[in-house]
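Open the model in your viewer and keep the sequence panel beside it. The stops below say what to select next and what is there.

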Amino acid sequence: MTRIARALVLLLPAACAVEPLPQLAPASDPAEARRQLAEAAAAGPVPIVVVAPNGRPTASEAAALAARGIGGLSVRFAPAAPSTAGRRFVVAPWGLREPVQICTAAAAPRAIEDAAPLVAAWCEGERAVARVEVEAAAERVERERAIWRATARLFPDPYPESYGLELFGLRITFGASLAF
């Protein structure tokens, strides 16, 4: 067996490994959250509340990571104090014990729990329009990725539903890709 064939055999399982999607909470409405986020972004910086122990990640770091996860929409997040009023994005990295209460301005837990999931929600008042949980991550880079993965799941890009042709109940889109 050649070296290239051996390398391909070793890399194949890694290439097939798929990260599980962040889990949406029951009754979550990502399309409505995306619509509300677009309205809020058009009005100026969108408030982001980070309920994090020990200031990790900081609100400004979480704001930058969250903005990276949103496709097809330019959003600038501005750190805000916990409140129960208005529309805002709330991120609770690893340690919020009751994720259902994420929009009620809960205090940060005392310490990060490695086994606890990241919880993120788009809140309108005390109601979570959409809420998502991402599995726990041990490494700093994985934790950062979890924040933008959560935003991508909460605020999906409506591009596939917005463009293309509707033909006999099927959506036909056009695209191209180039690979080397």
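**The whole chain**

Read from the N terminus, the elements of the protein follow the order α-β-α-β-α-β-β-β-β-α-α-β-β. That makes five helices and eight strands, where helices (H or I, at least four residues) and strands (E, at least two) are DSSP runs numbered from the N terminus. This is a predicted model, in which local features need pLDDT of at least 70 and side-chain atom pairs count only at pLDDT 80 or more, while totals for chains, interfaces and linings use all residues. Residues are numbered from 1 along each chain as its sequence is written, and side-chain values use heavy atoms, with hydrogens and water left out.

Of the 180 residues in the protein, 34% are buried. Buried means under 20% relative accessible area, exposed over 50%, and partly exposed in between (1.4 Å probe, protein chains only). Among contacts (heavy atoms within 4.5 Å) between residues at least 6 apart in sequence, 67% join residues at least 24 apart.

**First stop: a charged network**

Side chains of opposite charge can pair when their charged atoms come close. How many salt bridges does the structure hold? There are seven, each a side-chain nitrogen of Lys or Arg within 4 Å of a carboxyl oxygen of Asp or Glu.

Select arginine 35 and glutamate 39. They form a salt bridge whose closest N and O atoms are 2.3 Å apart. Both residues lie in helix H2 (residues 30–43), four residues apart, about one turn of the helix. Arginine 35 is partly exposed because its relative accessibility is 38%, and glutamate 39 is partly exposed too, at 39%.

Arginine 87 has a relative accessibility of 28% and so counts as partly exposed.

Glutamate 124 is partly exposed, at 28% relative accessibility. To see the network as one selection, take Glu32, Arg35, Glu39, Arg87, Glu124 and Arg127, which are joined by salt bridges that share partners.

**Second stop: aromatic rings**

A pair of aromatic rings is described by the distance of the centres and the angle of the planes. Rings of Phe, Tyr and Trp (its six-membered ring) pair if their centres lie within 6.5 Å; planes under 30 degrees apart count as stacked, over 60 as edge-to-face and the rest as tilted. The count comes to three aromatic pairs.

Select phenylalanine 89 and phenylalanine 155. This pair is edge-to-face, with 5.5 Å centre to centre and 65° between the planes. Phenylalanine 89 sits in strand S4 and phenylalanine 155 in the loop between H4 and helix H5 (159–162), 66 residues apart. Phenylalanine 89 is buried, at 0% relative accessible area, and phenylalanine 155 is buried at 1%.

Tryptophan 122 is in strand S5 and phenylalanine 155 in the loop between H4 and H5, so the pair ties together parts that are 33 residues apart in sequence. Tryptophan 122 counts as buried because its relative accessibility is 0%. Ring pairs link Phe77, Phe89, Trp122 and Phe155 into a cluster.

**Last stop: threonine 151**

Select threonine 151 in helix H4 (residues 140–154). Is threonine 151 buried or exposed? It is buried, with a relative accessible area of 0%. Not counting residues up to four places away in sequence, threonine 151 touches Ala66, Gly69, Ile70 and Phe89.
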